[in-house]
Amino acid sequence: MESEEILTIMQRITRDFAKLIPQVKLEVVSSQAYQARIKGRPLLPHEDQEDTETGLYPLRALPTSCMILVDLEGTRGLVEKEAPQLRGPLVEGLILREIIYMAVCIQAFPDAISRTEAILRRHWPLQYTLVKDLRRF
């Protein structure tokens, strides 16, 4: 699955949820920039890119800014491990989990993680099955 196709799926689902979270945006960054943002420190120009940690979950909802940070390269690497017929639903599951988590956080429901998983499991069982074992939280 090409990066453009992954991004198209993510943009479509983000648009679908725009009524629920009107200000939601996707921010696509490089793997190195994503890791630096998640770790909470800037990426310095002289850093050896080989020293950066790999294996981070490639999407992260940032509820306070209504932003979903996307490491497209990391997402593509994760998606390519699946059978071709499951790649689309996996991408859907990845972005759905972040959008639902953001919606739950914005509405200040208690136990946002469990509530997110329950909503995804109830309404998108195939996508939930594909992402449930991927460590997100």
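1. The sheet here is open and has three strands in the order 1-3-2, with mixed pairing. Strands are DSSP runs of E of at least two residues, helices are runs of H or I of at least four residues, and both are numbered from the N terminus; two strands pair if DSSP finds at least two bridges between them. Strand 1 (25-29) and strand 2 (59-62) are the edge strands, each pairing on one side only. From one strand to the next, the twist averages 20°.

2. A word on the model before going on. This is a predicted model, in which local features need pLDDT of at least 70 and side-chain atom pairs count only at pLDDT 80 or more, while totals for chains, interfaces and linings use all residues. Residues are numbered from 1 along each chain as its sequence is written, and side-chain values use heavy atoms, with hydrogens and water left out.

3. Now to the pairing. Strand 1 and strand 3 are joined in the parallel sense over five bridges, and one to look for pairs L26 with I68 of strand 3. Strand 2 and strand 3 (residues 67-71) run antiparallel, with four bridges between them. Here L59 faces V70 of strand 3, and L62 stands opposite M67. The hairpin formed by strand 2 and strand 3 has four residues between the strands, and C66 takes a positive phi near 50° there.

4. Which residues of strand 3 point each way? M67, L69 and D71 go one way and I68 and V70 the other, and all are buried (under 20% relative accessible area with a 1.4 Å probe, protein chains only; exposed is over 50%, and partly exposed is in between). Strand 2 has L59 and A61 on a covered face, with R60 and L62 on an uncovered one.

5. Helix 3 (residues 72-79) lies across strand 1, strand 2 and strand 3, at about 65° to strand 3. Such angles run from 0 to 180 degrees between N-to-C directions, with axes fitted to C-alpha atoms, for helices over the stretch in contact; contact means heavy atoms within 4.5 Å.

6. Helix 1 deserves a look of its own. Its 14 residues should span 20 Å at 1.5 Å a residue, and its end C-alpha atoms are 20 Å apart, which agrees; the expected span is 1.5 Å times one less than the number of residues. Buried in helix 1 are S3, I6, L7, I9, M10, I13 and T14. Seen down the axis, the buried residues of helix 1 fall within an arc of 160°, so they line one face (the arc is that of directions from the helix axis to the C-beta atoms). E4, R15 and D16 are exposed on the other side of helix 1. Among the elements covering its buried residues are strand 1, helix 3 and helix 4.

7. Finally, the largest nonpolar core has 34 residues, and L59, I68 and L94 have the most contacts inside it. Such a core is a set of buried Ala, Val, Leu, Ile, Met, Phe, Trp, Tyr and Cys residues joined through side-chain atoms within 4.5 Å. Elements giving two or more residues to this core include helix 1 (3-16), strand 2 and helix 4 (84-106). Helix 4 supplies the largest share of this core, 11 residues.
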